[in-house]
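I opened a notebook for this chain and wrote down what I looked up, one entry at a time.

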Amino acid sequence: MRTLERQAAALKALGRMEGLTAELARFKAGLEGLPLWLPAAGLSRQCAEALAMIDRIARRIDRSLVVTVIGPSGSGKSTLVNALAGGAAISPAGHDRPTTQKVVVLGRGGEDAVELGRELGADALDLQTIEDGRLPPGVCLIDTPDTDSTANRRHLPMLERVVAHSDVLICVFDAENPKRRDHADILGPIVGRFDGESLVVVLNKCDRLDETELRERILPDFRDYLHAAWGGAVDRALCVSARRHLHDPAWDAAAGPRHGFDQFVDLTRIVFGEMGRSGFAVDRRVENAGRLHAVVREEIRHELAADRDTLEEAERRLDQAWADAAAAALEALRGGNLRLPPGLGAAVYQQLAQRWVGPVGWVVALWARFLGVGSGIASFLRLSRPRSRRKPSFAGSGPVPLDESVGPEMPDPGRLDAALDGFRLALLRRWADAAEMLVRSRFDPAVRGVETAGAYVAAISGPLASLWSRALADEVSEIPRRLGGFWLQSLLNAPPAGLIGYVGWVTVVSFFRGDYLSGGFFVHAFWLIGIALALSFCLLQVLIRRRLDPDRVAARAAHRMGRALPPAAGEPVTEVSRQVRTVREMGAALSATAPGGMPSR
């Protein structure tokens, strides 16, 4: 039953770790996509290292607990390890420095200790089997080389490797000189991966100090010092005299213990009691993985928050530079004489013919047919120009789609070149300020270059022609819809329709009365209806011509195009703007995380 519980706990722990690694992988992928933001490279490496460390934790989720003792030269690490292992001189201790040249692994034997030795590297490892000591099964105790010895360049890589495989860290300080800044600084990045029950601080050689001073001054000051140096990661700090618990303490006759205050029993209860309970190793590994995740997440959040204000200002200036440049381009497109393509009027009338009804609608249909025939004949007579791939529209061939009439011929190359020139000049006037703010946001100084600004010009030069053509086509396509409304049709159809109705009513009434109307009445009625119809149609033509005025079409198309430019669509237009937006979005996503906060369980 206990085996099944351990397996269930291990599976649950692996599930939590998978969630942590998934988020770290997302962070890493996002940061790798930000080559211009200088902190991204270091943060991405931190994510990669944390992922590798959590993966190592997950691979040994159900192995023995690994307790590592770490400290500077002379702090008594090896003495403490020997005391915890039962008092025998197993790990070398003495006055020569460094005394511990290799990583010493103490355990009750078994495959877990052997596997740990293989992972740490046999060339720098001394594996010791404890058969009769107090070290319980399921716990591996590791003694490490000094952090500040003359061989620390060789020791630190080994130390990093051991810490990456550790579940609990015991940091040993010399009570005679506890506030060693160099030791606290060296251990700072290491202890950041541990907290709570995974981190224990030991103040060794406490028997050499005055008990009252130790209790009332040294220990409280030491706790405050570590709390400030390590950001509050330490929950427990114990005073011990490791030498007292060796089989042969070899006290100097002139320098024996000064008092009996010793918390070694509390330390053994923590190591062999709390840490020996079922599920402790799995819990520690989950908590350590969560701590790694939280440390990296907090570092990313801190870096993003540091640039939040300057990046907001940089993005505002980029948006303003784009807006000014786009306004200059649109002004160039709006100005000058717009050349409408031939056949556009016929296409508009054909579309109106599909919408209009009544007497004016009949005339519109006849006029559209006439224009269609005329356009077809004219296309054959223009021998000096290449024929369009679109077939000419003859009577009965159906309406010509306005998109086809406008699209291929509408963009004016000269007008587009002027628009690009206006865009470029307006952008360059604003670029220096925007780029300077980007550099202050720790973007690569290369963004100051004209090439980066040129990317914005390249980003708009491609879609500019298609957007302009589409805007013009959409604007012209709106003309039949606006001129085919119910109220306009009713207004223009009313005079001829009213006259036709009146003549018909008089004719019918006269017929039933037996009064036969003269031919002159019908001639005059015909001319009156024709005049009314002609006036209504002429008024419609005036409205159509007004709508098809090139300046009006260009102005309205430019306004329509302004709403379709990429920033208005909510999409970054260049790699720089994409990275700026990504950095801001990542910062916003992490802004709710409290500094140093652990992920929720």
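**Entry 1. The whole chain**

I noted first that this is a predicted model. I looked up the secondary structure and found 19 helices and 7 strands. The chain has 601 residues, and buried residues make up 46% of them.

**Entry 2. Helix α18**

I checked the length of helix α18, residues 550–562. Its 13 residues, at 1.5 Å a residue, should span 18 Å, and the end C-alpha atoms are 18 Å apart, so the two values agree.

Which residues of α18 are buried? I listed Val 553, Ala 554, Ala 557, Ala 558 and Met 561. Looking down the axis of α18, I found the buried residues within an arc of 130°, so they line one face of the helix.

Next I asked what covers the buried residues of α18. The cover includes α10 (308–334), α15 (450–483) and α17 (519–547).

**Entry 3. α15 against α18**

I took α15 and α18 as a pair. Their axes are 8 Å apart, and the helices pack at an angle of about 120°. α15 passes α18 in a right-handed crossing.

I wrote down part of the contact. On the α15 side I found, among others, Leu 464, Leu 467, Trp 468, Ala 471 and Leu 472.

**Entry 4. α10 against α15**

At what angle do the axes of α10 and α15 cross? They cross at roughly 40° and come within 12 Å. That makes α10 oblique to α15. The crossing is right-handed. From α10, the contact is made by Leu 318, Trp 322 and Leu 333. From α15, it is made by Tyr 456, Ile 460, Leu 464 and Trp 468.

**Entry 5. α9 against α19**

I looked up helix α9 (residues 280–306) and helix α19 (residues 575–590), whose axes come within 9 Å and cross at roughly 125°. The two helices are therefore oblique to each other. Is this crossing left-handed or right-handed? I recorded it as left-handed. Arg 297, Ile 300, Arg 301 and Leu 304 in α9 meet Val 583, Met 586, Gly 587 and Leu 590 in α19.

**Entry 6. The loop between α14 and α15**

I found Ser 441 in the loop between α14 (413–440) and α15. Ser 441 is buried, with a relative accessible area of 0%. Leaving out residues up to four places away in sequence, Ser 441 touches Trp 37, Asp 307, Thr 310, Leu 311 and Ala 314.

Arg 442 is found in that loop as well. At 27% relative accessibility, Arg 442 counts as partly exposed. Its phi is near 65°, a positive value in a residue other than glycine.

**Entry 7. Pro 39**

I placed Pro 39 in helix α2 (residues 39–59). Pro 39 counts as buried at 12% relative accessibility. Beyond residues up to four places away in sequence, Pro 39 touches Glu 303 and Arg 442. Pro 39 and Glu 303 are 264 residues apart along the chain, while their C-alpha atoms are separated by 7.4 Å.

**Entry 8. Ile 142**

I found Ile 142 in strand β4 (residues 139–143). Buried or exposed? Ile 142 is buried, with a relative accessible area of 0%. Ile 142 and Val 66 are 76 residues apart in sequence, and 7.4 Å apart in space from C-alpha to C-alpha.

**Entry 9. Lys 205**

I ended with Lys 205, in the loop between β6 (199–204) and α7 (211–229). Lys 205 has a positive phi of about 65° although it is not a glycine. With a relative accessible area of 18%, Lys 205 is buried.

Conventions: Residues numbered from 1 in each chain as written. Predicted model: local features only at pLDDT ≥ 70, side-chain atom pairs only at ≥ 80, totals over all residues. Heavy atoms only, no water. Helix = DSSP H or I, 4+ residues; strand = E, 2+ residues; numbered from the N terminus. Expected span 1.5 Å × (residues − 1). Buried < 20%, exposed > 50% of the residue type's maximum accessible area, 1.4 Å probe, protein only. Arc of directions from axis to C-beta. Contact = heavy atoms within 4.5 Å. Axes fitted to C-alpha atoms, helices over the stretch in contact; angles between N-to-C directions. Parallel < 35°, antiparallel > 145°, perpendicular 65-115°, else oblique. Left-handed = near helix turned anticlockwise from the far one by under 90°.
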